[in-house]
Amino acid sequence: MSKTIIISNRLPVQLRINDDGLTAVPSVGGLATGMKSVHQGKESLWIGWSGLTDENTPPELEKDIDKALAKLQCVKVTLKAEEIDKYYFGFSNRTIWPLFHYFMEYTEFELDFWKSYEAVNQKFADAILANADEKDTIWIHDYQLMLVPQMVRKEWPEATIGFFLHIPFPSYEIFRTMPWREDVLRGLLGADLIGFHTYDYERHFLSSVRRLLNLEVSFNDIFLENRVIKVDSFPMGIDYNKFEQAAQKNAENTEDNKSDFQKRLDEHKKSAPDTKLILSIDRLDYSKGIAKRLNAFEYFLNKYPQYKEKVRLIILAVPSRSNVPQYQLLKKEIDELVGRLNGEFSTVNWTPIWYFYRSMPFENLIDLYTTCDIAWLTPLRDGMNLVAKEYIATRTDKTGVLILSEMAGSAYEMNEALLINPNNFEEQANTLKEAIEMPKVKQMARIMFLQHRLKRYTVETWANEFMNSLKAKKESPSTVVSQKLSDAILGDIVKEYKGAEKKLLFLDYDGTLVDFHKDPQQASPDKKLYELLDAIHNQENTTLFLISGRDKDTFTKWFLPKKYNMIVEHGVWISRDGEAFKMMEQVKGDWMVKIRPVLESFVDRTPGSFIEEKNYSLAWHYRNTDPDFGEKRAVELNDTLTGLIGNDDISVLAGNKVMEIKSSNVNKGRAAVRILGEDEYDFVFAIGDDWTDEFMFQELPDEAISVKVGLKKTSAKYYVEGTKRVREVLNTFTT
Ligand code: GDG
């Protein structure tokens, strides 16, 4: 039976070695907390780092560790201290983390870190290859492992691989500053499904893929050679019942079984019943905006001094990545800020801030959530922020107010919270006031809305939705109607070809026989291509036609000496056996004077675009423009031209990054059918990559073999991945 394999940097347990031997401590953090419920069934395995470096693992305990982990359905990836230093504290937390959270000033681009990131990602991929099976469903998590999908795909082309990013994906403008940006994108594209918390992260990712890899993207599908990769957003939920039940239990606790911490909180409440408790819980991380929050609190106390002694801010900052210099500085900054504010505002009866720099047991976390009147969460950037959701789930009496930064992914789903911009102190001070004064009925209305949503979309729903989407993706791999031209199918076609008495081949040029080039004039035929075309052209009973939208002068220069048959400008001109081009269709070109200035104005306003002038058509190329901008301009041009050409006998054709304006009665389909009618062919083959070739695929008889280059919507019977495969296919005709 196939299994579910979860892969994350850290296993959901931390192993510690002490005098009594081994202990397993659950890890703190969004991911570990969230995925626990997924990793319960028997058919599941979690692969990750155990938390112990090789240097800290006594060899005699190695077996015990593996056994302890196996009991929890875990397998460890072993890492050396140096790897943790460079891959984890280095590339993951000094490059990716700050960059993806828009902290460019903290981002370090170190080749050494990158090399280690690559090597460790390979270790994780190897662990998957060693412990899983190609039929398993593999779910890889987070920013530390972005290269793993492609590394596994390389070995297991048919594997089902999902990837989820728990942190934001930044805008292209930020992402493109990274020296290894293409490698990271390619690494991720090894997955079948790539998930993000919000649509914004998804949109940023797709934009980077289009701009940096020049791949075709249609809605949320990325077309990559023979694969379609789906990108989608899945906002992560929480284990709602766990938090709700813990809160209910907490409310039922008698004085005797209350925690000491709860007793202290109760004492405080009793001694100052009008004082509101404001809570914030985060890992001590600069992205969480703790220092800014303290500044905003100071601003609030100065703006609304009537609340002095009437509010108390409880800050729980969980130690995190204390090996990274930025985190050490931040710790110092926060310590000093808390000290200064408490020094400045404290009175005999009141300390405005209670500050805990530690991790608390779950029970105390619930004490805090249930006791505090307001949760104030102000991340400057946060992938999701589960604390916001947990606070709401524990408010079983329906009171409480959540103030949440709009920069947190969870803000998209939590509209009933008081949403703030963490950089706007004025707004924060006013919102704190609003929260403190909010009547209970209003609090309840908001909390009930939020609870209703969180209860429905729990972490389990999140995981199931991701898994179902991944499986569905695998079962119906693409929206494309044609079939892949496999070796088996090719074998049958070659047999047919060899047995045929009269063969006719139509070969498109750009994007089919050669790859696109920034400058079309540079995409000239290479020696190998001439050899291949010669071989087909010289075969007995074989008529080869190059059929292209190109101008006749270029093809005259490249192919006339070879005496190949050619149709150019989509069917305006024809040349056979080395004769000069003749007109195939009677077309007019008088409209060109009218249209040219329109195209020129588009060139002026669209950097990177240019006009190609042929005898009877004009083409506006936008391959070298910004892809989004180019598409937008192409739509605009289409609209403008449609209005202009009216009933004239010309039409606009959208090719591959080109808009072509030409006579309506000319197209490759019409040209191909004319040739076909000249003789009795018993084998007809047509291959091409873009829209203009679709005319051919549609017009040719049913028995014809039509092949589309690239995985796109098509009327062709088959598709091949790219120009390399086209040449392989054509080579089989000649051997
Ligand atoms: C990353 C992304 C995204 C915190 N302190 C204690 C404690 N916690 C638990 C909370 C919560 C989790 O840790 C923190 O989750 P967050 O989502 O708030 O933040 P990150 O750790 O930064 O997580 C984040 C998340 O991944 C999931 O995709 O939401 O944006 O940055 O569950 O309850 N738990 C205990 N004691 C503590 O002192 N027991």
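1. Ground rules. Residues are numbered from 1 along each chain as its sequence is written, and side-chain values use heavy atoms, leaving out hydrogens and water. In this predicted model, local features need pLDDT of at least 70 and side-chain atom pairs count only at pLDDT 80 or more, while totals for chains, interfaces and linings use all residues.

2. Domains. The assignment, automatic or from a database, gives domain 1 (4–233), domain 2 (240–456), domain 3 (483–585 + 666–732) and domain 4 (592–662). The centres of domain 2 and domain 4, taken over C-alpha atoms, are 57 Å apart.

3. The sheet. Strands here are DSSP E runs of at least two residues, helices H or I runs of at least four, numbered from the N terminus. Two strands pair if DSSP finds at least two bridges between them. An open, antiparallel sheet has 4 strands in the order β24-β25-β27-β26. Its edge strands are β24 (610–613) and β26 (650–654). 4 bridges join β24 to β25 (residues 617–621). One partner pair is isoleucine 611 and tryptophan 620.

4. The largest cavity. A cavity is a set of points on a 1 Å grid over the protein atoms alone, where a 1.4 Å probe fits but cannot get out; lining residues have an atom within 4 Å of a point. The largest cavity holds about 370 Å³, the space filled by probe spheres set on points joined across faces, edges and corners. Of its 25 lining residues, Asp510, Phe516, His621, Val658 and Asp690 are closest to the centre.

5. Where sheet and cavity meet. β24, β25 and β27 each supply at least two lining residues of the largest cavity. Domain 3 and domain 4 each give at least three.

Definitions and conventions: On a 1 Å grid over the protein atoms alone, a cavity is a set of points where a 1.4 Å probe fits but cannot get out, and a pocket is an open set with protein on both sides within 12 Å along at least five of seven lines; lining residues have an atom within 4 Å of a point.
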